[in-house]
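Hi,

Here is the structure I promised to pass on. My notes follow below it.

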Amino acid sequence: MSNIPVYQNYINGQFVQHSANYIEVMNPANGDVLSKVPSADKVEVEQAIHAAKQAQPEWASRPAIERAQYLHKIAEKIRQNIDRFALVITQEQGKVLSLAKVEVNFTADYLDYMASWARHIEGEIITSDRKGENIFLFRKPLGVVAGILPWNFPFFLIARKMAPALVTGNTIVIKPSEETPNNCFEFTQLLDEVGLPKGVFNVVCGSGRNVGQALSSSEDINMISFTGSVETGSVIMSAAAKNITKVNLELGGKAPAIVLDDADIDLAVSAIKASRITNTGQVCNCAELVYVHAKVADEFIRKISDAMASTRYGDPQLDPDIEMGPLVNKSCLNKVASMVEQAIAEGAKVATGAKVADTDSGYHYQPTVLVNCHADMEIMRKEIFGPVLPIQIVSSLEEAIELANSLEYGLTSSVYTQSLSQAMRAIELLNYGETYINRENFEAIQGFHAGTRKSGIGGADGKHGLYEFTQTHVVYMQN
Ligand code: TXE
């Protein structure tokens, strides 16, 4: 305990000694205290915002290709430290090491990808109605961006916020989740080594109520890019409203997987199982429920229940072969357990699992399949964020889509069918930001990750995600 690292906020190119309270970061697999991190106050947030604001004009004045070089250098350093970062992520977040390595590699790829946009940030020349006039549309940085991060993919989310922000000429203040801040401080140490100009990238750690709120209500922040819960997204939006600050919100989902009567059942089972156990079900885009056609329901339920029951889980550091680690903290474990109890009280039947796992330590929940579920149950409407799969039987594609479109979330969805016309009909009718046909739910760097309804506002990745970090400036030039 005495040798644990004590991390410091990173403001204006320096790790600044924090003098007040610290937060202890725990390993969810065994309860060990891993580190202490600052519980920052409003003054430190203001210092970070000030530094970012001071640094922004000079940073924006540099050619984009020069800004991009820093991102490439960071990516290179990340690749030299894959095992180190993966271990830090696994220890504080609980995901299996193989997935942590995927996250680290994906982060490096994301930095390179966003850097590659440097020569493609393009404005427009628009035809004028007037003789001798040109209408130019410039794309300019917003100014200072706040990135408020969740704990489920904490390392990747740093890049998802900072890479498009920096390449387009913004500066940034990052608030990592207080559950999983260690990887962000380790990232920052590495970033410090590449010599990024002072103030371009800042990290302030602390509670949502203090640090998150101070960022969201600051008039010097030009966009808040947040990933987390709907409830917190709504609080952030209210705080931002005071200054009419732009928000970019990714607020999770209730991804329906629709398994039709002509589906390849084995494919559906393996993809949906992977979706439910990856990161212990704590993934915003992964299958949260199934609507299965009555004709294939028995076969699907039998196979998915066997597959889920066979999941190997435990402490990721003790056994590299497991498929699933613990949930991130006790309150998430309690939330999952109480949602399952509520579903059973509402008439769901247990096909497998449905209990807190009987392990010596750690926040483990048994991989669970619930059947006899119907649309009015809480478990069919609220995000579970755990390894629990509720299933409802439907009699047609149209019924499944009507149910899916009635959910309050609209991030991702998936459809399993071998019929092109059923797939096309689903694409036409599904009111979702993202749909996967006959494959697992996993978005691409060059796609656009965005949801409808309460899943958020705006999106991330690809060209459209990049341009979220810019504003337009239209100029009418009369000769
Ligand atoms: O999220 P919060 P929590 C969902 C998932 C999960 C539930 C609760 O269902 O079970 O949310 O998780 C900061 N102003 N997702 O409570 O509260 C907080 O410090 C500004 C889905 O951990 O949304 C942290 O940095 N910021 C999801 C971040 O918000 C505030 C990922 C996320 O915390 C704040 C995570 C405030 N008032 C959870 N209060 C996804 N979309 O993938 C808190 N924060």
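**Cavity and domain contact**

β11 gives the most to the lining of the largest cavity, with three residues (strands are DSSP E runs of at least two residues, helices H or I runs of at least four, both numbered from the N terminus). Bear in mind that this is a predicted model, where local features need pLDDT of at least 70, side-chain atom pairs count only at pLDDT 80 or more, and totals for chains, interfaces and linings use all residues. Numbering runs from 1 along each chain as its sequence is written, and side-chain values use heavy atoms, without hydrogens and water.

The search of the whole structure turned up one cavity of 30 Å³ or more (a set of points on a 1 Å grid over the protein atoms alone where a 1.4 Å probe fits but cannot get out; lining residues have an atom within 4 Å of a point). The largest cavity has a volume of about 50 Å³, meaning the space filled by probe spheres set on the points. Besides β11 (246–250), α5 (154–167) and β23 (459–460) each supply at least two lining residues. Among the lining residues are Arg160, Asn248 and His449.

Arg160 also pairs with Glu443: their side chains form a salt bridge at 2.6 Å, N to O (the cut-off is a Lys or Arg side-chain nitrogen within 4 Å of an Asp or Glu carboxyl oxygen).

As for domains, an automatic or database assignment gives domain 1 (9–251 + 455–478) and domain 2 (255–444). One salt bridge is counted between domain 1 and domain 2.

Cheers

Methods:
On a 1 Å grid over the protein atoms alone, a cavity is a set of points where a 1.4 Å probe fits but cannot get out, and a pocket is an open set with protein on both sides within 12 Å along at least five of seven lines; lining residues have an atom within 4 Å of a point.
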